[in-house]
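Subject: Handing over a structure

Hi,

Here is the structure I promised to pass on.

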Amino acid sequence: MVFSSSLFVFLYLPIVLAVYFLIRPGLRNAWLLVASLFFYAWGENVLLVLMLASIVSNWLFGLWIERARQRGSTKHVIVWATVTNLGLLVLFKYADWI
């Protein structure tokens with residue numbers, strides 16, 4: 001499914017938006033996460049685990065940055081988060097080229 005397909009425009013998007021506005025505000029982000037993962041899995045089912053690993057690692061980096069901010073030393077955490085994300089990008093996007 002692509003953004004310009006009639007399936008997305010006339011079925012998927014209206015359902016996602018309707019559910020988004022019908023559920024309580026505390027669940028909206030979780031709904032968008034599930035809907036986004038479903039959309040991603042529709043096209044690239046194999047790499048869904050990589051997407052989930054990236055989401056969880058970035059969430060953990062966010063928690064780590066918050067703890068480091070309380071101690072006043074966030075620079076090394078941000079460097080690790082950047083290296084990890086760029087490493088995933090290089091590994092899965094440019095590995096064939098390299």
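Does Tyr12 count as buried or exposed? At 15% relative accessibility, Tyr12 counts as buried. The cut-offs are these: buried means under 20% relative accessible area, exposed over 50%, and partly exposed in between, with a 1.4 Å probe and protein chains only.

Some background before the rest. This is a predicted model, in which local features need pLDDT of at least 70 and side-chain atom pairs count only at pLDDT 80 or more, while totals for chains, interfaces and linings use all residues. Residues are numbered from 1 along each chain as its sequence is written, and side-chain values use heavy atoms, with hydrogens and water left out.

**The core**

Tyr12 belongs to the largest nonpolar core, together with Phe8, Val16, Ala35 and Phe39. A nonpolar core here is a set of buried Ala, Val, Leu, Ile, Met, Phe, Trp, Tyr and Cys residues joined through side-chain atoms within 4.5 Å. Helix 1 (6-22) and helix 2 (28-43) are the elements that give two or more residues to this core, and the largest share, three residues, comes from helix 1. Helices (H or I, at least four residues) and strands (E, at least two) are DSSP runs, numbered from the N terminus.

Phe8 is in contact (heavy atoms within 4.5 Å) with Met1, Val2, Phe3, Leu13, Pro14 and Phe39, leaving aside residues up to four places away in sequence.

Over in helix 2, the buried residues are Ala35, Leu37, Phe39 and Ala41. What covers them includes helix 1 and helix 3.

**The aromatic rings**

How many aromatic pairs are there? The count comes to nine aromatic pairs. Rings of Phe, Tyr and Trp (its six-membered ring) pair if their centres lie within 6.5 Å; planes under 30 degrees apart are stacked, over 60 edge-to-face, and the rest tilted.

One of these pairs is Tyr12 with Phe38, which is stacked at 6.1 Å centre to centre and 20° between the planes. That pair links distant parts of the chain, with Tyr12 in helix 1 and Phe38 in helix 2, 26 residues apart. Phe38 is partly exposed, at a relative accessible area of 44%. Tyr12 also forms a tilted pair with Phe39, 5.8 Å centre to centre with 35° between the planes. Here the two residues are 27 apart, again linking helix 1 and helix 2. Phe39 is buried, at 17%.

Phe3, Phe8, Tyr12, Phe38, Phe39 and Trp42 form one aromatic cluster.

**Charges**

The charged end of Arg28 sits over the ring of Tyr20, 4.9 Å from its centre. The rule asks for NZ of Lys or CZ of Arg within 6 Å of the ring centre and within 35 degrees of the ring normal.

There is one salt bridge, meaning a side-chain nitrogen of Lys or Arg within 4 Å of a carboxyl oxygen of Asp or Glu. Glu66 and Arg69 form it, with their closest N and O atoms 3.6 Å apart. Both lie in helix 3 (residues 48-71), three residues apart, about one turn of the helix. Glu66 is partly exposed at 38%, whereas Arg69 is exposed at 54%.

**One last spot**

Leu50 is in helix 3 and touches Leu88 and Phe92, not counting residues up to four places away in sequence.

Cheers
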